[in-house]
Amino acid sequence: MHGTFNGVHLNGITSITTEHAGSSTLTTIRGIESSVTDLGKLELNSPARLILSDAQVEGTLIAFAADHHSYRITIESND
């Protein structure tokens, strides 16, 4: 699956999970990509926008992890 996160094109999205927590929704995307260097400039608690072919999520970046081969991004949005 492919998508765009804050203007950065993401290839190799392997999973998307959604968890409802009170009045918020947590959306986590995981992926495998050979180059995730563009994601290294992200700051927690900053605005986040994920665009997929069939969905769009806007909220706040609350978690991010990446290494040379994979990434995990969690966005909190208000319902």
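Reply: The largest nonpolar core in this predicted model has 13 residues. Those that touch the most other members are Phe5, Leu10, Ile29, Leu50, Tyr71, Ile73 and Ile75. At least two residues of this core come from each of strand 2, strand 5, strand 6 (56-66) and strand 7 (70-78). Nonpolar side chains tend to be buried together in soluble globular proteins.

The strands belong to an open sheet of seven, in the order 2-1-5-6-7-4-3, and their pairing is antiparallel. At the edges are strand 2 (8-10) and strand 3 (13-21), each of which pairs on one side only. On average, neighbouring strands of the sheet are turned by 30° against each other, with direction ignored.

Strand 1 (residues 3-5) pairs with strand 5 (residues 47-52) in the antiparallel sense, over three bridges. Within that pairing, Phe5 has Leu50 of strand 5 as its bridge partner.

Strand 4 (residues 24-32) holds Thr27. Thr27 has a relative accessible area of 6%, which is under 20%, so this residue counts as buried. Apart from neighbours within four places in sequence, the residues in contact with Thr27 are Ile16, Thr17, Thr18, Val57, Ile73, Thr74 and Ile75. Ile73 and Ile75 in that list are also among the core residues that touch the most other members.

Terms used:
Residues are numbered from 1 along each chain as its sequence is written. This is a predicted model: local features need pLDDT of at least 70, side-chain atom pairs count only at pLDDT 80 or more; totals for chains, interfaces and linings use all residues. Side-chain values use heavy atoms; hydrogens and water are left out. Two strands pair if DSSP finds at least two bridges between them. Helices (H or I, at least four residues) and strands (E, at least two) are DSSP runs, numbered from the N terminus. Axes are lines fitted to C-alpha atoms, for helices over the stretch in contact, and angles run from 0 to 180 degrees between N-to-C directions. A nonpolar core is a set of buried Ala, Val, Leu, Ile, Met, Phe, Trp, Tyr and Cys residues joined through side-chain atoms within 4.5 Å. Buried means under 20% relative accessible area, exposed over 50%, partly exposed in between (1.4 Å probe, protein chains only). Contact means heavy atoms within 4.5 Å.
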